[in-house]
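The sequence and the model come first.

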Amino acid sequence: MHKKILLAGAIFSLASVAIGAFGAHGLKNILEANQRIDTFETAVLYQMFHALGLLFLGLWSSKKPNKLITYSAFLFVIGILIFSGSLYILSVFNISWLGAVTPFGGLSFIAGWALIIIQILNNPTQD
């Protein structure tokens, strides 16, 4: 499973850089017209943070595989797709109701981090 988590982290990291560059150059006029440059940048930033989190989780699970780390990785993937994905669509197509979907991705991120905290607290041998 750790290879899948690492692969997801690497793919989302690559995509974050590519999407960010495309937004800064290819979508600049659209983002400015929609007044969504900040929104787009937030999507890229959160995607990259959680892609790096996936790489961290993949390395961790390669040393000590466990369910909570796998669930956390799954929640990060879902969070990226919902949080960043909805913000990308909102930014480019200016579909306002997507702003109501975005918090579900944020909740997924929070749940993923909470599972990491629980794993750390429940495993006293990891010093």
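Leaving aside its neighbours within four places in sequence, which residues is F40 in contact with?

## Basis of the model

This is a predicted model: local features need pLDDT of at least 70 and side-chain atom pairs count only at pLDDT 80 or more, while totals for chains, interfaces and linings use all residues. Residues are numbered from 1 along each chain as its sequence is written, and side-chain values use heavy atoms, with hydrogens and water left out.

Contact means heavy atoms within 4.5 Å. With neighbours within four places in sequence left aside, F40 is in contact with I19, G20, G23, L27, L31, Y88, S91 and V92.

F40, L54 and L57 touch the most other members of the largest nonpolar core, which has 23 residues. Such a core is a set of buried Ala, Val, Leu, Ile, Met, Phe, Trp, Tyr and Cys residues joined through side-chain atoms within 4.5 Å. Buried means under 20% relative accessible area, exposed over 50%, and partly exposed in between (1.4 Å probe, protein chains only). At least two residues of this core come from each of α1 (2-25), α3, α4 and α5 (102-122). The largest share, eight residues, is supplied by α4.

## Helix α1

Helices are DSSP runs (H or I, at least four residues), numbered from the N terminus.

In α1, the buried residues are I5, A8, G9, F12, S13, S16 and G23. These buried residues pack against α2 (28-33), α3 and α4.

## Aromatic pairs

Rings of Phe, Tyr and Trp (its six-membered ring) pair if their centres lie within 6.5 Å; planes under 30 degrees apart count as stacked, over 60 as edge-to-face and the rest as tilted. The whole structure holds seven aromatic pairs. One of them, Y46 with F49, is edge-to-face, at 6.5 Å centre to centre and 65° between the planes. Y46 and F49 are about one helical turn apart because they lie three residues apart in helix α3 (residues 37-63). Y46 is partly exposed, at 33% relative accessibility, and F49 is also partly exposed, at 46%.

Y46 also pairs with F83; this pair is tilted, at 4.8 Å centre to centre and 35° between the planes. The pair links distant parts of the chain, as Y46 is in helix α3 and F83 in helix α4 (residues 67-93), 37 residues apart. F83 is buried, with a relative accessible area of 11%. Y46, F49, F83 and F109 form one aromatic cluster.
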